[in-house]
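Reader: I would like to check some labels against their cut-offs. Can we take them one at a time, with the criterion stated for each?

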Amino acid sequence: EKGNYRHFMEKEIHDQPDSCRNTLSAYLDPIAGKAHAPGGFDFTAIDRIQIVACGTASYAGQIGRYLFERLAGLPVDVEIASEFRYRDPAVAKGTLAVAVSQSGETADTLAALRWCKDKGLTTAAIVNAHQSTMAREADVMWPTHAGPEIGVASTKAFTAQVSVLTALAVAAAAQRGRIDAAQEAALVAHLLEAPRLLAESLHVEDAIHAIAPEIAKARDVLYLGRGPMYPLALEGALKLKEISYIHAEGYAAGELKHGPIALVDEQTPVIVIAPTDDFFEKTVSNMSEVIARGGRVILITDAQGAAHAPEGARVITAPTCDPVIAPLVMAASIQLLAYHVAVIKGADVDQPRNLAKSVTVE
Ligand code: F6R
């Protein structure tokens, strides 16, 4: 039921503090300060991870890659399932194949998972539909507890997937001796803060109301980010395309000079996702380049980032958080922006044209 919300998507965006908390509770022990895979999993028995997924789930996978590599030192490849399944990939023994899927039924992701199983790899599925085909066929099922997602554009399933991947990366880091017990406890404490900060991040809605009418008039929109904010930029662009039918592109901020800067003019909003982290200074210089060329920058950041925003950038200030949970806390802003732009345009938010909730044919 939609309750007091106009659309399922709006409700599901606001469900995220709960869906994130429910999901994390299956992976974290708050008393011991430890992270674990439900049912246990030995991350010392694998050498690398191959993530396969489509669309939004693949962007969750890309965020997961940063965390697994940075925290656990585990090499991770992420590939769109429709490409992976047809290109005869050379997968090394010792690879854990991980499918990420809300429905657990997406045809390409399922085919990629089966292909990996046929090759003798251990397979895992991060799924929201716990009775789905992927849930049954994978060796290991890692559930998200987002609850049913009705809106065609994925929101709470995405943040639940990112929650699972983050918790598992912490578990893998601890098992592989990359972090000690105190570091694990500190990371778990940060993760436990995510639901509250996600709730706080929904307050950006006021700032978004002020900016959405201008985005609704744009023909093209660019999204930029670095590090884990790069996949979030891709996700922001996908959300806008799907529900508002405005052409949008996500780019790694460092790629700006290698092409997309040619698109920058007064008509093209450039949305930059840059919380305070190791990449912030670099991204500020990208923003300045855009502004110097007459571009209109909208910066999604935290309070410290807002204080260091280049002159001419308009700012959406999300809560301050540890970088490990920044993808979760920043996600709400891009979702709400796409949602309010679509509402202004009068689009059918929950049933975007040409799209199906679950793509069970190729
Ligand atoms: C975007 C969206 C799609 C799905 C993709 C995979 O908002 O919903 O891109 O993420 O079709 O679907 P699942 O996760 O069910 O495999």
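Author: We can start with F68, which touches F43, I49, G73, L74, V76, L165, L168, A169 and A172, leaving aside residues up to four places away in sequence. The model is a predicted one, in which local features need pLDDT of at least 70 and side-chain atom pairs count only at pLDDT 80 or more, while totals for chains, interfaces and linings use all residues. Residues are numbered from 1 along each chain as its sequence is written, and side-chain values use heavy atoms, with hydrogens and water left out.

Reader: What makes A172 a residue that F68 touches?

Author: Contact means heavy atoms within 4.5 Å, and A172 is listed among the residues that F68 touches.

Reader: Which residues touch the most other members of the largest nonpolar core?

Author: F68, W142 and Y223 do, out of 96 residues in that core. Helix 12 gives the most to this core, with 14 residues. A nonpolar core is a set of buried Ala, Val, Leu, Ile, Met, Phe, Trp, Tyr and Cys residues joined through side-chain atoms within 4.5 Å. Helices are DSSP runs of H or I with at least four residues, and strands are E runs of at least two, numbered from the N terminus.

Reader: Why is E184 called buried?

Author: Buried means under 20% relative accessible area, with a 1.4 Å probe and protein chains only. E184, in helix 7, has 4%, so the residue is buried.

Reader: What makes the link between E184 and K34 a polar contact?

Author: The term needs a pair of N or O atoms within 3.5 Å, where one must be able to donate a hydrogen and the other to accept it. The side chains of E184 and K34 are joined at 3.1 Å. E184 also touches G33, A35, V170, A174 and I179, among others.

Reader: How do you know which residues line the largest pocket?

Author: A pocket is an open set of points on a 1 Å grid where a 1.4 Å probe fits, with protein on both sides within 12 Å along at least five of seven lines, and lining residues have an atom within 4 Å of a point. That gives 21 residues, with C54, G55, T56, K357 and V359 nearest the centre. Helix 2 (55-72), strand 5 (95-101) and helix 9 (229-244) each give two or more residues to this lining.

Reader: How is the lining of the second largest pocket divided by class?

Author: This lining has 12 nonpolar, 1 polar and 4 charged residues. Helix 2 gives the most to it, with 5 residues.

Terms used:
Nonpolar A, V, L, I, M, F, W, Y, C, P; charged D, E, K, R; others polar. Buried < 20%, exposed > 50% of the residue type's maximum accessible area, 1.4 Å probe, protein only.
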